[in-house]
Amino acid sequence: MTATGTPTLLGVAAEAALAVPGVAGLQPRLAHCLAAAAAPTRTDSAPHRMPPEAGIRADRAPDGSGWRIEVRCVLAEGHRTLDTAQNVHDRVRTAVTSHLAAHGVAEPAVTVAVTVTRIAARPGTA
C-alpha cells in the first residue's frame, strides 16, 4: 500500500487523535466490533485488543478531491468535551494534511468529523 493509502492515513489520524490531552481512546466502529465477535475463539488467554485505527474511518471524497476522516473518540472525565473534540479535529487534520503533502499530494482537501462516543470515568470513581 502506498504512503497515501487508507491504512497509512488511519495510522496517522489515530496517532494524532490519541496524542490529544483528554482522549482516553478511540471507539471501534460497529463493523470492527462485529468482525471481532465473529472471529474464531482465541486459544490463548490474552484479551483481544482492537488496533487504534479501528476508531478511524478514512474515505476518498466522492469527487476525488481529497479525504474525509471520521474519528470516534472516548474522552477522559474532567476535560471539556467541546475543547477536546476541537483539538482532535485540528490535530488530525494537520497530521493528515502534512502526511499527504510530504508524499507529494498537492493541496489535499481533508475534512475531519469528530464524534465523542462516551466519557470514561476516572479509575477509582463510581
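## Ground rules

Helices (H or I, at least four residues) and strands (E, at least two) are DSSP runs, numbered from the N terminus. Residues are numbered from 1 along each chain as its sequence is written. What you see is a predicted model, where local features need pLDDT of at least 70, side-chain atom pairs count only at pLDDT 80 or more, and totals for chains, interfaces and linings use all residues, while side-chain values use heavy atoms, with hydrogens and water left out.

## How confident is the model?

pLDDT is the predictor's confidence in each residue, on a scale from 0 to 100. The protein chain averages 82, and 75% of its residues score at least 70. Among the elements of the chain, helix H3 comes out on top with a mean pLDDT of 95, while helix H2 (residues 30-38) has the lowest, at 50.

## A walk along helix H3

H3 has 22 residues and reaches 31 Å from its first C-alpha to its last. That's close to the 32 Å expected at 1.5 Å a residue, where the expected span is 1.5 Å times one less than the number of residues.

Which residues of H3 are buried? Here, buried means under 20% relative accessible area, exposed means over 50%, and partly exposed is in between (1.4 Å probe, protein chains only). The buried ones are Thr 84, Ala 85, Val 88, Val 92, Val 96, His 99 and Leu 100. Seen down the axis of H3, these buried residues fall within an arc of 115 degrees, so they line one face of the helix; the arc is taken from the directions from the helix axis to the C-beta atoms. Over on the other side of H3, Leu 82, Thr 94 and Ala 102 are exposed. Just after H3, Gly 104 takes a positive phi of about 85 degrees.

## Zooming in on Leu 100

Leu 100 sits in H3, which covers residues 81-102. Its relative accessible area is 0%, so Leu 100 counts as buried. Leu 100 and Leu 9 are 91 residues apart in sequence, yet their C-alpha atoms are 8.5 Å apart in space.

## Two charged pairs

Side chains of opposite charge can pair when their charged atoms come close. A salt bridge here is a side-chain nitrogen of Lys or Arg within 4 Å of a carboxyl oxygen of Asp or Glu, and the count comes to two.

One joins Arg 57 to Asp 59, with the closest N and O atoms 2.8 Å apart. Arg 57 is partly exposed at 36%, and Asp 59 is partly exposed at 26%. The other joins Asp 83 to Arg 80, with 2.6 Å between the closest N and O atoms. Asp 83 is partly exposed at 41%, whereas Arg 80 is exposed at 57%.
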